Amino acid sequence: DTPAEGGEKARADLGLDERPVVLLATNVLGDSLTLGRQVFSQSMAEWISRTVQYFSGRPDVQFIVRVHPGEVLTHGLSMAEVVRHVLPRLPEHIRLIEPKDKVNTYDLVEVADVGLVYTTTVGLEMAMCGLPVIVTGKTHYRGRGFTTDPVSWVSYFKMLGQILSKPSDFRLTRAQVESAWE
């Protein structure tokens, strides 16, 4: 329900600087798009937990966790609670956007250099914008040639490190973007 205001406004409002921006977009826990969709993690919550731990040691990168706005309609564990369990106090380079926060997800996509998703369609939309996207769950667009699709924790963290070394080198080609649009 939050109107888009543009990436530059989001960048200013969140106090983002020139360091690369990684956007992790969550699903609603228990959504049918997350159930039984594991590839290498036990659950989406475990994937988020381990990813937050990884980024806690990467102050060279700005990490945004965008909790799905649909969580306001659910009862149960919030992915914001998963993040806070790992990092009760967020370092300056990590931002947590909660379900009720008035931040448009597409403004975040506009400022992101890399996308991380479990199965959310925001991953497909990021690819449609040319962003490199790492998909960690089984989703309809995984394996179509325009996402990076690790099959283990080792390959996930290796791919993440490679992309973060120079995100601009991993932007999607025109053909990959066109494939995402198809």
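Biologist: Which elements are included in what covers the buried residues of α2?

Modeller: This is a predicted model. The cover over the buried residues of α2 includes the strands β1, β2 (62-66), β3 (94-97) and β4 (114-117), together with the helices α3 (79-86) and α6 (153-165). The buried residues themselves are M44, A45, W47, I48, S49, T51, V52 and F55.

Biologist: How do you know that the span of α2 is close to the expected one?

Modeller: α2 has 13 residues and reaches 18 Å from its first C-alpha to its last. The span expected at 1.5 Å a residue is 18 Å, and the span of α2 is close to that value.

Biologist: Which residues of α2 and α6 meet?

Modeller: From α2 they are E46, W47, R50, T51, Y54 and F55, and from α6 they are W153, Y156, F157, L160, G161 and L164.

Biologist: Why is S41 called buried?

Modeller: Buried means under 20% relative accessible area. S41 has a value of 4%, so S41 is buried. S41 lies in the loop between β1 (21-25) and α2 (44-56). Leaving aside residues up to four places away in sequence, S41 touches E46, W47, Y118 and W153.

Biologist: What makes the approach of the S41 side chain to S43 a polar contact?

Modeller: A polar atom of the S41 side chain lies 3.0 Å from the backbone oxygen of S43. The cut-off for a polar contact is 3.5 Å, so this pair is within the limit. At the start of α2, a side-chain oxygen of S43 also reaches to within 3.4 Å of the backbone nitrogen of A45.

Biologist: Why is P69 called partly exposed?

Modeller: The relative accessible area of P69 is 34%. Buried requires a value under 20% and exposed a value over 50%, so P69 is partly exposed. P69 is found in the loop between β2 and α3. P69 and K100 are 31 residues apart in sequence and 6.4 Å apart in space, C-alpha to C-alpha.

Biologist: How do you know that S78 is buried?

Modeller: S78 has a relative accessible area of 12%, which is under the 20% limit, so S78 counts as buried. S78 lies in the loop between β2 and α3, and its side chain reaches the backbone nitrogen of A80 at 3.0 Å. Apart from residues up to four places away in sequence, S78 touches V67 and E71.

Biologist: What makes T120 count as buried?

Modeller: The relative accessibility of T120 is 5%, and the limit is 20%, so T120 counts as buried. T120 lies in the loop between β4 and α5 (122-128). With residues up to four places away in sequence not counted, T120 touches A25, T26, N27 and Y141.

Biologist: Why is T147 called buried?

Modeller: T147 has a relative accessible area of 12%, which is under 20%, so T147 is buried. The place of T147 is in the loop between β5 (133-135) and α6. T147 touches V133, V135, Y141 and R142, not counting residues up to four places away in sequence.

Biologist: How do you know that the side chains of T147 and D149 make a polar contact?

Modeller: The distance between them is 2.6 Å. This is within the 3.5 Å cut-off, so the pair counts as a polar contact.

Note on methods:
Residues are numbered from 1 along each chain as its sequence is written. This is a predicted model: local features need pLDDT of at least 70, side-chain atom pairs count only at pLDDT 80 or more; totals for chains, interfaces and linings use all residues. Side-chain values use heavy atoms; hydrogens and water are left out. Helices (H or I, at least four residues) and strands (E, at least two) are DSSP runs, numbered from the N terminus. Buried means under 20% relative accessible area, exposed over 50%, partly exposed in between (1.4 Å probe, protein chains only). A polar contact is a pair of N or O atoms within 3.5 Å; within protein, one must be able to donate a hydrogen and the other to accept it, and residues adjacent in sequence count only if both atoms are side-chain atoms. Contact means heavy atoms within 4.5 Å. The expected span of a helix is 1.5 Å times one less than its number of residues.
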